[in-house]
Amino acid sequence: MSVVARNVTVCSPLPVLGSGVEVPLVSGEKVTYAALDYAASAPALQRVWDDVAAYAPYYGSVHRGAGYLSQLSTDLFEQSRATVAEFLDLREDDQVVFTRATTDSLNLLAGVLPSGTRVFAFETEHHASLLPWPGRGLEVAYLRAPRSPHEAVAALDAALTAAGEGPKLVCVTGASNVTGEIWPVAELAAVAHAHGARIVLDAAQLAPHHRVSVRELDVDWVAFSGHKLYAPFGAGVLAGRADWLDEAEPYLAGGGASRTVARKTDGSVAVEWHRGPARHEAGSPNVIGAYAIASACRALAEAGLDSLHAREQLLIERLRAGLAEVPEVRVLTLFGEDHPRVGVLSFVVQGWNSSHFAAALSAEYGIGVRDGLFCAHPLVRTLLGGEETAPGECGAPEPSLPGERSLNAIRVSFGAGTPEEHVDRFLAAVRELVGNGSAWSYRTEGGRCVPDTRR
Ligand SMILES: Cc1ncc(COP(=O)(O)O)c(C=O)c1O
């Protein structure tokens, strides 16, 4: 069934695996699990699972077999590349490299940057975009957390103006994994290019929720993870300009990346490396992972990313309106309440430790969210108003007592498979926990808050 919102037809939730799974509560009852942690890993689309299952009997080696199934698997792998290129609206001469995930993609890119490249990243980035650059002979400038898109663009402009000549790379996240807020990617790309810099888009949180056109955004590279795009089979993508990738040493040295290997008279070996994606895909490729990503790209494109986005906006409005009725809840935001966002939202609850709150949502209501600093420690510390240079804290503090000031936050995230009922259940649980407190006591075990069932 479809409804119409703001002239866009809104589709029903897409079928995902696990939507009927029952989980035990601490009380001993069972409830249907409400998966509200899509930003960490989204459930597989049923369509992706079906496509993978249909292919599985035909599985064979890729780029290294004369048999029928090897040829078929090689074709499927290469077709998957083409599907991803279409999904991302790549330019003619861009290339798609299959990796393990976004972290892998950005580390690959860090390794191919020309020596002396200066890298610019906002301190608000996920650690995957923050950490691959130092220690490789690159100069890294971390830009302070901007409080508006305009401030972000101005800060980048100023930093690049001061940087002068030489190769430069800007790394920016499309949508924050903490606040869900969408960054001004096209504007940042325009500034980067005006200063002769290149730009890579971390689309880990954007691509599952929003159309990403490399041509329109005019970014040089884009990275994303299959497991956040409903295709949890161990693959990710780095796509974009070929030149720096082709000029660099392979990411991994080994078979598949090498075109010829010859013994030299001095006993060493001379290697000629491939150009193109194979150069950075040494070893046997993950054909199932790549095919799963391609299947997800097709499924999202067919459902209509605009329509999925519109549906998600309705869920976001519902969630925000519900949370606004609970005065103890503070939603974390960098760019302000009305800034466009995807289905990712973090908050703290006055009087509650976040780990305790998240544990109670799971143990007493069967709702899966995430607590912590979400691999974006500097950003969350800024948003919580903590001491700026203090290290972040993962897991529950010891001892984790209700009422203790929270040094971490709770994140709720959803997407194409989320029914309205999950958002409503979550809101009802938040109201009940804030109003009545948790029904169980909790203790800290191995850095996690768990219900104390020893009584
Ligand atoms: C914005 C962002 N970038 C990068 C990553 C890293 O993705 P992966 O763990 O799949 O490598 C994440 C993961 O949460 C993320 O949210």
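Let me begin with His 227, where a polar side-chain atom lies 2.6 Å from an oxygen atom of the ligand. A polar contact here is a pair of N or O atoms within 3.5 Å; within protein, one atom must be able to donate a hydrogen and the other to accept it, and residues adjacent in sequence count only if both atoms are side-chain atoms. Lys 228 also has a side-chain N or O atom 2.6 Å from a ligand oxygen, and for His 126 the corresponding distance is 3.3 Å. On its own the ligand has 390 Å² of accessible area, and the protein covers 89% of that; such areas come from the Shrake-Rupley method with a 1.4 Å probe, and for residues only the protein chains shown count as cover.

A word on the source. This is a predicted model, in which local features need pLDDT of at least 70 and side-chain atom pairs count only at pLDDT 80 or more, while totals for chains, interfaces and linings use all residues. Residues are numbered from 1 along each chain as its sequence is written, and side-chain values use heavy atoms, with hydrogens and water left out.

Which residues of the shell are closest to the ligand? They are Thr 103, Asp 202, Ser 225, His 227 and Lys 228, out of 13 residues that surround the ligand; a residue is near a molecule or strand if one of its heavy atoms lies within 4 Å of it.

I turn now to the aromatic residues. Rings of Phe, Tyr and Trp (its six-membered ring) pair if their centres lie within 6.5 Å; planes under 30 degrees apart count as stacked, over 60 as edge-to-face and the rest as tilted. The count by this rule is eleven aromatic pairs. One of these is edge-to-face: Tyr 55 and Tyr 59, at 6.4 Å centre to centre with 65 degrees between the planes. Tyr 55 is buried at 4% relative accessible area, whereas Tyr 59 is partly exposed at 46%. Buried means under 20% relative accessible area, exposed over 50%, and partly exposed in between, with a 1.4 Å probe and protein chains only.

Trp 183 and Phe 335 have ring centres 5.1 Å apart and planes at 55 degrees, so this pair is tilted. Trp 183 lies in the loop between strand E9 (168-173) and helix H6 (185-194), and Phe 335 in the loop between strand E15 (329-331) and strand E16 (344-349), so the pair ties together parts that are 152 residues apart in sequence. Helices (H or I, at least four residues) and strands (E, at least two) are DSSP runs, numbered from the N terminus. Both Trp 183 and Phe 335 are buried.

Phe 347, Trp 352, Phe 357 and Phe 426 form one aromatic cluster. Elsewhere, Arg 198 lies over the face of Trp 244, at 4.3 Å from the ring centre; a charge sits over a ring if NZ of Lys or CZ of Arg is within 6 Å of the ring centre and within 35 degrees of the ring normal.

Next, the backbone. Most residues other than glycine have a negative phi. Tyr 230, however, has a positive phi near 65 degrees. Tyr 230 is found in the loop between strand E11 (221-225) and strand E12 (236-240), and is buried, with a relative accessible area of 0%. Cys 375 likewise has a positive phi, of about 55 degrees. Cys 375 lies in the loop between strand E18 (370-372) and helix H12 (377-384) and is partly exposed at 31% relative accessibility.

Finally, two further residues. Where is Glu 281 placed? Glu 281 lies in the loop between strand E14 (residues 269-273) and helix H9 (287-303). Glu 281 is buried, at 9% relative accessibility, and the side chain of Glu 281 makes a polar contact of 2.8 Å with the side chain of Arg 81. Leu 108, in helix H3 (residues 102-112), is buried at 1% relative accessibility.
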